[in-house]
Amino acid sequence: MIDPVIHLRTEDIYFKLSFCLFGSGSLWGEPAAHSCAGQTEPLWGTNYPGGLPPEVGVLKRALGKITKPVTLLDITMLSLLRKDGHPSIYGIGGRTGNDCSHWCLSGVPDTWNEILYNYML
């Protein structure tokens with residue numbers, strides 16, 4: 001329970017939400033791709049063809065029940081559009097797997113930080 005431990009006079013609450021689902025290229029219109037490995041271009045546009053994961057709605061509803069104000073930094077769509085941003089051999093599995101929690105391409109985390117910075121101004 002988060003409500004009792006928040007001191008609104010001294011603290012702001014930001015919750016970063018980012019779900020990346022790159023398990024199948026059919027989610028972004030490339031059925032032959034089995035993951036984000038080898039992707040070199042972002043998705044163009046403002047919508048992810050595979051839609052948002054259902055977890056996004058669940059989390060938004062849960063945060064809506066918190067009585068203290070929470071700023072949701074939902075970067076899910078930004079992350080989904082950058083299927084090229086993090087294919088790496090440095091995650092679990094080395095050369096046989098993908099590291100989907102760390103971003104190798106500059107710009108993606110920088111954009112998140114810029115958005116957070118503007119919220120905090």
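Q: What covers the buried residues of α1?
A: This is a predicted model. In it, the cover over the buried residues of α1 includes β1, β2 (71-74) and α2 (76-80).

Q: Which residues of α1 are buried?
A: Helix α1 spans residues 54-64, and V56, L59 and L63 are buried in it. They lie on the same side of α1, because they cover an arc of only 70 degrees around the axis.

Q: And what is exposed on the other side of α1?
A: On that side, P54, R61 and G64 are exposed.

Q: Turning to β1, where does K16 lie?
A: K16 lies in strand β1, which runs over residues 14-17.

Q: Why does K16 count as partly exposed?
A: Its relative accessibility is 48%, and the partly exposed class lies between under 20% for buried and over 50% for exposed.

Q: What is K16 in contact with, leaving aside its neighbours within four places in sequence?
A: With those neighbours left aside, K16 is in contact with L73, I75 and W112.

Q: What pattern does the whole protein follow along the sequence?
A: The pattern is β-α-β-α-α, which comes to 3 helices and 2 strands.

Q: How much of the protein counts as buried?
A: Of its 121 residues, 28% count as buried. The accessible surface comes to about 7900 Å², and 58% of that belongs to carbon and sulfur atoms.

Conventions: Residues are numbered from 1 along each chain as its sequence is written. This is a predicted model: local features need pLDDT of at least 70, side-chain atom pairs count only at pLDDT 80 or more; totals for chains, interfaces and linings use all residues. Side-chain values use heavy atoms; hydrogens and water are left out. Helices (H or I, at least four residues) and strands (E, at least two) are DSSP runs, numbered from the N terminus. Buried means under 20% relative accessible area, exposed over 50%, partly exposed in between (1.4 Å probe, protein chains only). Contact means heavy atoms within 4.5 Å. Accessible areas come from the Shrake-Rupley method with a 1.4 Å probe; for residues, only the protein chains shown count as cover. The arc is that of the directions from the helix axis to the C-beta atoms.
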